[in-house]
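The coordinates are shown first.

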Amino acid sequence: MTKQKIAVLGPGSWGTALAQVLNDNGHDVRLWGNIPEQIEEINTHHTNTHYFKDVVLDPSIKAYLDLKEALDQVDAILFVVPTKVTRLVAKQVAELLNHKVTIMHASKGLEPGTHERLSTILEEEIPAELRSEVVVVSGPSHAEETIVRDLTLITAASKDLDTAKYVQNLFSNTYFRLYTNTDVIGVETAGALKNIIAVGAGALHGLGFGDNAKAAVITRGLAEITRLGVKLGADPLTYSGLSGVGDLIVTGTSIHSRNWRAGDALGRGEKLEDIERNMGMVIEGISTTKVAYEIAQELGVYMPITTAIYQSIYEGADIKETILSMMSNELRSENEWH
């Protein structure tokens with residue numbers, strides 16, 4: 001592939017790691033953020049120590065505070081900003097763009113209030129004449145491992161297969177591989193909802209339970225994620241793939257996962273506001289729990305783990321009691337869908 005100009009919006013852990021992947025592939029990478037000290041650090045010291053203590057970035061990765069400058073003549077834009085600001089940033093991008101680009105996103109969540117997926121937000125806010133079909137970059141991936149070039153396999157999903165293939169070629173190299181998919185609903189819901197299950201898996205660990213319980217919550221969690229996703233129009237097979245069970249395993253079993261760590265702290269009795277303050281990063285699973293609970297109630301989808309996490313976070317229920325009650329009361333057929 002010829003050298004492409006790519007704006008990566010959001011210099012958090014995942015945005016930084018993906019910027020490095022693209023830079024390794026010979027592309028011109030512009031990393032945009034709105035914290036002056038962070039942008040200065042990346043450009044001067046080639047580090048991003050809030051997220052990676054010992055990583056030195058290639059000096060050719062340039063960071064920008066000015067969004068218009070970052071977007072100048074780019075071929076593609078990758079959104080890696082928190083769910084709650086995706087719409088705001090998309091509006092800003094739409095105002096500044098004066099040519100057609102490929103639009104990608106690598107965030108995982110559902111918008112509070114509207115319950116919308118992130119690709120839908122991007123479609124609504126960026127006029128069709130200025131963009132491709134949106135491509136979702138999602139799958140089992142810790143930024144802490146990708147930044148040191150550990151082997152990572154994830155998914156590029158788009159309604160348009162040719163655009164997904166373009167993004168596949170943009171990112172793929174010897175350590176980072178993308179598989180294409182056209183089930184955008186499945187890939188996005190899997191990426192968002194697995195964060196809830198990761199909070200539950202972490203909570204079990206914090207409460208002192210072992211691997212049996214962890215396997216149970218991950219497996220039953222996949223079942224309820226699939227139930228909701230299929231109700232929203234997803235292909236059930238997507239949940240057996242990288243963006244489904246793959247992402248659920250990596251997020252629900254690892255200390256690298258901020259959602260797992262948040263659940264672990266909740267299980268040990270810490271208060272949510274303290275957990276969020278100490279994390280220093282967005283915990284998408286917390287807000288996604290509320291959105292998923294509301295959608296499940298609206299559509300009549302059975303989601304006991306999501307309900308237990310929701311009751312613990314938003315209704316003040318004891319997390320041990322709610323999870324144990326959920327696990328002990330669920331007398332159902334394993335393949336029951338409704």
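My notes on the cavity, the pocket and the helix pair follow.

**Basis.** I worked from a predicted model, in which local features need pLDDT of at least 70, side-chain atom pairs count only at pLDDT 80 or more, and totals for chains, interfaces and linings use all residues. Residues are numbered from 1 along each chain as its sequence is written, and side-chain values use heavy atoms, with hydrogens and water left out.

**Cavity.** I searched for cavities on a 1 Å grid over the protein atoms alone, a cavity being a set of points where a 1.4 Å probe fits but cannot get out. Grid points are joined across faces, edges and corners, and a volume is the space filled by probe spheres set on the points. I found one cavity of 30 Å³ or more. The largest cavity has a volume of about 50 Å³. I list its lining (residues with an atom within 4 Å of a point) as H105, S107, K108, G109, R117, L118, V136, S138, V187, E188, G191 and A192. The elements giving two or more residues to this lining are β6 (135-138) and α8 (184-206); helices (H or I, at least four residues) and strands (E, at least two) are DSSP runs, numbered from the N terminus. I noted that α8 provides the largest share, four residues.

**Pocket.** I next looked up the largest pocket, a pocket being an open set with protein on both sides within 12 Å along at least five of seven lines. Its volume is about 1,000 Å³. It is lined by 40 residues, of which G12, V80, P82, R258 and V282 are the closest to its centre. I recorded α1 (13-24), α4, α6 (143-146), α8, α10 (242-252) and α11 (258-267) as each supplying at least two lining residues. Helix α4 gives the most, with four residues.

**Helix pair.** Which way does α4 pass α5, in a left-handed or a right-handed crossing? I first noted that the axes (lines fitted to C-alpha atoms over the stretch in contact, with angles from 0 to 180 degrees between N-to-C directions) of α4 (residues 83-96) and α5 (residues 118-125) come within 9 Å and cross at roughly 25°. The crossing is right-handed, meaning that the near helix is turned clockwise from the far one by less than a right angle. Contact (heavy atoms within 4.5 Å) is made by T83, T86, R87, A90, K91 and A94 of α4 with L118, I121, L122, E124 and E125 of α5.
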